[in-house]
Amino acid sequence: MAENTDKMVIDGVELTGIWKEFLPSRILYEDVTTEFLDEVKKLPGGATIAKCYQCGTCTGGCTLPDFVDKFNPRRFIDLVRRGHYDILVNENKDLVWKCVSCQRCTHRCPRGVNTQEVVRAIAKFLEDRKVFGKLTNDEAFDEVFMGEVIEDGRIDEVKIVKDFYSKTGRLKDMMRADQLSLGFKMLTSGRIKLFGGKIKDWKKVSQRLKEELQ
Amino acid sequence: MKIGYFPGCSLKGMARAYDESTKIVAESFGIDLLEVDDFNCCGALEAKGSNEKLSYMLPARVMDSAKGRFHVDAVVTPCNGCYHSLLRTNAAMNENADAKGSVIKFLKDVGYGTYEGDIDVRHFLELFYNEVGPEKIKASVKKSLKGLKVASYYGCLYERPKTITKTGYKSKRDDSENPHFQDDLLKATGAEIVEFQAAASCCGGAHALQDESLSATLSAAILSAAKEAGADVLALPCPLCGAALDIKQPEIIKAHGEKAKLPVVYFTQLIGLSIGKSPKELKLTDPISNPMKVLKAKGLV
């Protein structure tokens, strides 16, 4: 936007003094911070949130609005930035975590906002404030997944599913007839290995990764 | 050119058909893959949502092993998820000195300590397109797939986001908004590629367990769009999309009906079939969605 704002003439009409009002800026510069914005910036993936200039490209191309009513990444970012915590919690807490990480938003963002990771960081911001009243499925899955990666180095698909269902109190879902017959087919065709491959010297790596988490 | 092969966890488990068919087509066309057999999990989405530094360390260890042991020029993976994790680590190591410093320190502690974000990361589909390409496939076809209608599906992370794939800067990358490498390769087998609008849509696989009903809805949208377009099978280059669209298909059909019923195969299986490899070697009986039935009906197996 032009620096010299004293005089502006468009189509022969002088707009001095009022032009700023009909072209209100939606840009919040990077030095505009709030308590929540700073907090999200520090979470994994949240660093680029302040670059957003609210153009809406992310939301225009987003996978979810066709399937999830009112899913709006642009709005999630705006609410954090303006510090509208109550609206974020009351109207959006059950939406934010639904992002499926398709990356169209990040891919198309003209400002280099890592939108998918920022949306995940906003969900984590809400998780950290315990607004869900219970362990969310995302938190449970992340914990189970990372626990297994750090311990064994690789993911065993069956163990992950079992531990996730167990952690979220749904083990009985895994025992449904269709799930069992699927498991049987996988096992007999050799796609489930009961004694998965171990990585040589992983213990040392595992120890070092645990130190990193301290 | 020396190429390290990083299969990832899925290809050593439920997606073994992709692992084996990838190796078969690579070998058939003279691509030498040095398997990084002490690989670890790339951390997938879960690491990057949990701990930034760990999300770079896990992929970096794989790259360090490829470089330290095999002195490779590039690492190739057939998995969209692993591809994303490796590229993301490379981008961080080249653009963020702090991240680079802590990753190098980690690698010196636990590995070869050779990796500095300096090895090219490639997707097997992109590599196969550029190093082999449709013309060589055409010349090697023993059993044309003529009469087979294929929906060519790419998934999300194959060429997205450009911030890490560097699409437009790296000339060998596919078109990220309208990918066509897989279409071109499969056309060369004689198959017909159907017009299909959901080729780069999301299958919801990232939330296949955490948000099952939404994930099934997204998958159903892709399967039914492909079926409506007249496809006999859906071909893809990602084991995570494979899990969502194939292994989960019985549940998807239960919720969304027969319109979502469609056999799913890996693109490497179809290429292998066209150059005369057997369904058994290519593990065409693995998919839950049963591609063998339609392949038999078309006289292709």
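How many residues of domain 1 of chain B are in contact with domain 2 of chain B, and how many residues of domain 2 of chain B do they touch?

Analyst: This is a predicted model, in which local features need pLDDT of at least 70 and side-chain atom pairs count only at pLDDT 80 or more, while totals for chains, interfaces and linings use all residues. Residues are numbered from 1 along each chain as its sequence is written, chains are lettered from A and ligands numbered from 1 in the order in which they are written, and side-chain values use heavy atoms, with hydrogens and water left out.

The bounds come first. An automatic or database domain assignment supplies them, and chain B is divided into domain 1, residues 3-123, and domain 2, residues 134-297. Their C-alpha centres are 24 Å apart. Contact means heavy atoms within 4.5 Å. By that rule, 30 residues of domain 1 of chain B touch 36 residues of domain 2 of chain B.

The size of an interface is often given as the accessible area lost when the parts come together. Buried area is that loss, found with a 1.4 Å probe and summed over both parts. For the two domains of chain B the figure is about 2500 Å², with 66% of it on carbon and sulfur atoms. On the domain 1 side, B:Tyr18, B:Phe29 and B:Asn80 lose the most area to domain 2 of chain B, and together they account for 24% of what that side buries.

Charged pairs are next. Side chains of opposite charge can pair when their charged atoms come close. A salt bridge here is a side-chain nitrogen of Lys or Arg within 4 Å of a carboxyl oxygen of Asp or Glu. The rule finds three salt bridges across the interface of domain 1 and domain 2 of chain B. B:Lys166 and B:Glu95 also form a salt bridge, with their closest N and O atoms 2.7 Å apart.

A polar contact is a pair of N or O atoms within 3.5 Å; within protein, one must be able to donate a hydrogen and the other to accept it, and residues adjacent in sequence count only if both atoms are side-chain atoms. Helices (H or I, at least four residues) and strands (E, at least two) are DSSP runs, numbered from the N terminus. Between the two domains of chain B there are nine residue pairs in polar contact, both residues at pLDDT 80 or more. On the domain 1 side, the elements that give two or more residues are helix 1 (16-28), helix 2 (44-50), helix 4 (80-95) and strand 4 (120-123) of chain B. Helix 1 of chain B gives the most, with nine residues. By residue type, this side of domain 1 of chain B divides into 15 nonpolar, eight polar and seven charged. In this scheme Ala, Val, Leu, Ile, Met, Phe, Trp, Tyr, Cys and Pro count as nonpolar, Asp, Glu, Lys and Arg as charged, and the others, Gly among them, as polar.

Chain B also contains a sheet. Two strands pair if DSSP finds at least two bridges between them. Four strands of chain B form an open sheet in the order 6-5-7-8, with parallel pairing. Strand 6 (192-193) and strand 8 (264-266) of chain B are its edges, each pairing on one side only. Strand 7 (residues 233-236) pairs with strand 8 of chain B in the parallel sense over three bridges, and B:Leu234 has B:Val264 in strand 8 as its bridge partner.

One loop of chain B deserves a note. Most residues other than glycine have a negative phi, and most peptide bonds are trans. The bond from B:Arg160 to B:Pro161 is cis, with omega near -10 degrees. B:Pro161 is in the loop between strand 5 (149-152) and helix 8 (162-165) of chain B.

Chain B also meets chain A. That contact takes 57 residues from chain A and 62 residues from chain B. The two chains bury about 5200 Å² between them, 60% of it on carbon and sulfur atoms. In chain A, A:His107, A:Arg191 and A:Arg208 lose the most area to chain B, together 14% of what that side buries. Seven salt bridges cross this interface. A:Asp178 forms a salt bridge with B:Lys254, their closest N and O atoms being 2.9 Å apart.
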